Number of protein chains: 2
Amino acid sequence: MSLHRQLAQDIASQIEGGVLRAGEKLPSVRALQRQRGVSQATVLQAYYQLEHRGLIESRPRSGYYVSTRWQQLPREPRPSQPSGRSTPVKVSELVFDILERTRHRSLLPLGSAFPSPLLFPHKALGTALARAARTLDPWASVADLPPGSWDLRRQIARRYLGAGVRVDVDDLIITNGAMEALNLSLQAVTRPGDVVVIESPAFYAALQTIERLGLRAVEVATDPRDGLDLDALRQALDKHPVRACWLMTTFQNPLGALMPEPQKKALVALLAAREIPLIEDDVYAELYYGDRAPRPAKAWDRDGGVLHCGSFSKSLAPGYRVGWVAAGRYTRQVTQLKISTSLATSIPAQEALATYLSGAGYEAHLRKLRRALQQQQQAMRAAVAEHFPRGTRISHPAGGYFLWVELPRGSDTLALQRRAFEQGIGLSPGPMFSALGRYRTALRLNCGHPWSAELAAGIATLGRLATKG
Amino acid sequence: MSLHRQLAQDIASQIEGGVLRAGEKLPSVRALQRQRGVSQATVLQAYYQLEHRGLIESRPRSGYYVSTRWQQLPREPRPSQPSGRSTPVKVSELVFDILERTRHRSLLPLGSAFPSPLLFPHKALGTALARAARTLDPWASVADLPPGSWDLRRQIARRYLGAGVRVDVDDLIITNGAMEALNLSLQAVTRPGDVVVIESPAFYAALQTIERLGLRAVEVATDPRDGLDLDALRQALDKHPVRACWLMTTFQNPLGALMPEPQKKALVALLAAREIPLIEDDVYAELYYGDRAPRPAKAWDRDGGVLHCGSFSKSLAPGYRVGWVAAGRYTRQVTQLKISTSLATSIPAQEALATYLSGAGYEAHLRKLRRALQQQQQAMRAAVAEHFPRGTRISHPAGGYFLWVELPRGSDTLALQRRAFEQGIGLSPGPMFSALGRYRTALRLNCGHPWSAELAAGIATLGRLATKG
């Protein structure tokens, strides 16, 4: 863990443990510098973090104080501390069982992986698709074979440029959603038995892919706010013959963590120095609540070692199954794999998206979508804070539509999931997100659906079940 | 090789070698029975085969005679005789190189894997797609997750029933084209290092998939007319720990071979007895020239060991990328793999096809398509027979849109492919279709495009190049 995070963590523990009381003044920056033998910047960063988490507040010309309201705020989960071992993965059966149970439309979609389909511009997309259907060049079925529709790739490259990332049209391969992009990317850079670094907790699809390809996973400590711990990563790289990293640097699933840009930059440098490819799963890139798009790690990629995977499934067109990968120096391998895995991606869907993106509606839609997701998150956090047992911790992501909730010690979210299912409520229990079956007290909640009385009642029920359990 | 095939082969050699002359009478059925010590049925089957190939003809109340016209007919390729070894596969680079070179639209599409896009009902499909776009239920993006659209699966199950095959809606999984169906099927039944039986020559995608999954291939002798040799298969199964067979039982790519139904039935029985799954690649099922659809091996599947893979890409909607697998007892595994590989298949494309298939146009389109393909095949066979060097053999498939052409000994179709490319002509050289780099004198020609002066000129040029080479 970096110094400033360690420092912030220590102070947070003192506050949460009652050593520092609400309203109490914290040591001055200079005093803390001396006390800890660290730089001013380190102290400032630690205080900034604590302020951001709502644990402390600065009073002009007076200094930092323990917030008087912090106990009313739901606390955030602590950074994870996985074992650091490299292990085979066997999670598919569990994940599949739960996915099968949670897809019923009658179920309250708190366990779903998707935002509400009602948040997307179906009418405008339908118009674009109908137009594509009418005007589709029959020869497109040959011309748009991998790497895919040139028009669509051009639109995607344009969006990269807008986000401050240089990606060539020729480095882009259109795929059947990001899921295929990630799969092909991992296949392109590994052989069975290889070791892959993932976050802890990790997106279960990464675990499933690692399992299917016969790879080994190393879970690396991850902060619910700032994402992967680079010191822990460095240790993992020193200890294991790591062949690739599969990371979600922006609004990580399930934590919602967003790696700060300096950390993304450092991550790319660290991996480039060791020639380890980074598979960057960036499907939530567009779902930020702040003023500007967080840049992906790909922005600092100089030697093509970052395979950046994106998709329209979470931001524009769920069900169209159009994703892509900017595969850097692995473009040829990934294209080959794409051809021999599924040949092309549905041509009408590609053309429809190219048409839609050439119009002006996307930005307006995204602004609306982001606002909706942020409001939904607020409502759900408040409801969880109100109804869940004392000691529950809730993540506070700056984008996306997931909450990571840690119940008090001794809780069992696998059992909770079964009881909730009987009440018509879905949820994703923590062990879905770990190669080692960890996170038994945690769960992921979906806040991608418009807040409603049903959701409120569902959270209240869940809270009751969690308290009893 | 079965007895009747062996007998037919012997007689064919005598005719082609000049031992039996044009117009000469063949031994009576009874005489041949005694001579060879075989049953009457064996002799009749052999004579039937030879007659079908145009080598002999029956004269009423007189017996069988060597055809007077057989020398004018292009001869057909002989059954393949692969080594029977099990080998790792390394063909992807070659295949990828050639595919990349042959996809340019300016190239004469003799090397293409696709029929002309102009043969498909784009307008009617466009209407169906536009309608799907207008009426798409936003929730379909969740509801149509694997196994896929219920409406579409129902339409597919209905078509199976019409073809005399019982397949449950619940056994069907919609995929991104047959390519993904085949990939997932092979993954579901093998682990790296396993041995897989394929035909010889084999479809290169089978080779690529075997290579990518780290499997070993055994090429089994295949007859250009009747497909896989069951005796050779039996020997391979005795010799190798075979984990799966990947076969094209109907209009095999590249030979065009069609396994007779009794052989399909025997194939299923043979594999079922050894509990070896059959992955049946049946993407050309609808492209028969005869009066009725040949049934797939799946028709005789009693214990769910046949994973039958189909697609609309060759018969209706190229570029939509909608295929399926009827996965029998592997349905659960394949569904899991589908979810973790690419999640869903494009929903608008699924809905559009379901809509189109619920209408009345498909049969009429298919009749037109089949007629067109048969005429194109005739024209191309005649042109090849006219322009290619003496001794060239040409397959004579009863469906599909490929010709397999064997040039005289010493020819090199890899070199021919390069020279043809310089003249703006594509072709698929034989070594693309072998794990062992065999078939260097053979090539696959695409006759899926409306016959034209350009195609005629292209065949003439190819013939010149092949004669010089």
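Author: A polar contact is a pair of N or O atoms within 3.5 Å, one able to donate a hydrogen and the other to accept it. Keep that in mind as we look at this predicted model.

Reader: Happy to. How many residue pairs are in polar contact across the interface of chain B and chain A?

Author: By that rule there are 23 residue pairs, both partners at pLDDT 80 or more. Helix H12 (331-342) of chain B is among the helices that each supply at least two residues of the side touching chain A, and H12(B) gives the most, with 8 residues. By class, that side of chain B has 25 nonpolar, 18 polar and 10 charged residues.

Reader: What makes the meeting of A:Arg332 and B:Glu100 a salt bridge?

Author: The rule asks for a side-chain nitrogen of Lys or Arg within 4 Å of a carboxyl oxygen of Asp or Glu. The side chains of A:Arg332 and B:Glu100 come to 3.8 Å, N to O, so the pair passes the 4 Å cut-off. The count between the two chains is 6 salt bridges.

Reader: Which residues make up the contact, and how much area is buried?

Author: Taking heavy atoms within 4.5 Å as the test, the contact draws 53 residues from chain B and 53 residues from chain A. Between them the chains bury about 4,900 Å², 64% of it on carbon and sulfur atoms. B:Phe96, B:Arg103 and B:Trp139 supply 14% of the area that chain B buries against chain A, more than any other three residues.

Reader: Why are the two copies said to be related as by a two-fold rotation axis?

Author: In general, two copies of a chain are related by a rotation about an axis and a shift along it. Here a rotation of 180° with 0.1 Å of shift along its axis superposes chain B on chain A, with an RMSD of 0.1 Å. The copies are therefore related as by a two-fold rotation axis. In chain B, the C-alpha nearest that axis belongs to B:Ala130, 2.0 Å away. The same surface serves both copies, as 100% of the contact residues of chain B recur in chain A.

Reader: Now to a sheet. Why do strand S13 and strand S15 of chain B count as paired?

Author: Pairing needs at least two bridges. Strand S13 (residues 402-406) and strand S15 (residues 442-446) of chain B have 5 bridges in the antiparallel sense, so they qualify as a pair. Within this pairing, B:Trp404 stands opposite B:Arg444 in S15(B).

Reader: And what makes strand S12 and strand S14 of chain B edge strands?

Author: The open sheet of 4 strands runs in the order S12-S13-S15-S14. Strand S12 (393-394) and strand S14 (428-429) each pair on one side only.

Technical notes: Residues are numbered from 1 along each chain as its sequence is written. Chains are lettered from A and ligands numbered from 1 in the order in which they are written. This is a predicted model: local features need pLDDT of at least 70, side-chain atom pairs count only at pLDDT 80 or more; totals for chains, interfaces and linings use all residues. Side-chain values use heavy atoms; hydrogens and water are left out. Copies are superposed by least squares on the C-alpha atoms of residues with pLDDT of at least 70 in both. Buried area is the accessible area (1.4 Å probe) that two parts lose on being put together, summed over both. A polar contact is a pair of N or O atoms within 3.5 Å; within protein, one must be able to donate a hydrogen and the other to accept it, and residues adjacent in sequence count only if both atoms are side-chain atoms. Ala, Val, Leu, Ile, Met, Phe, Trp, Tyr, Cys and Pro count as nonpolar, Asp, Glu, Lys and Arg as charged, and the others, Gly among them, as polar.
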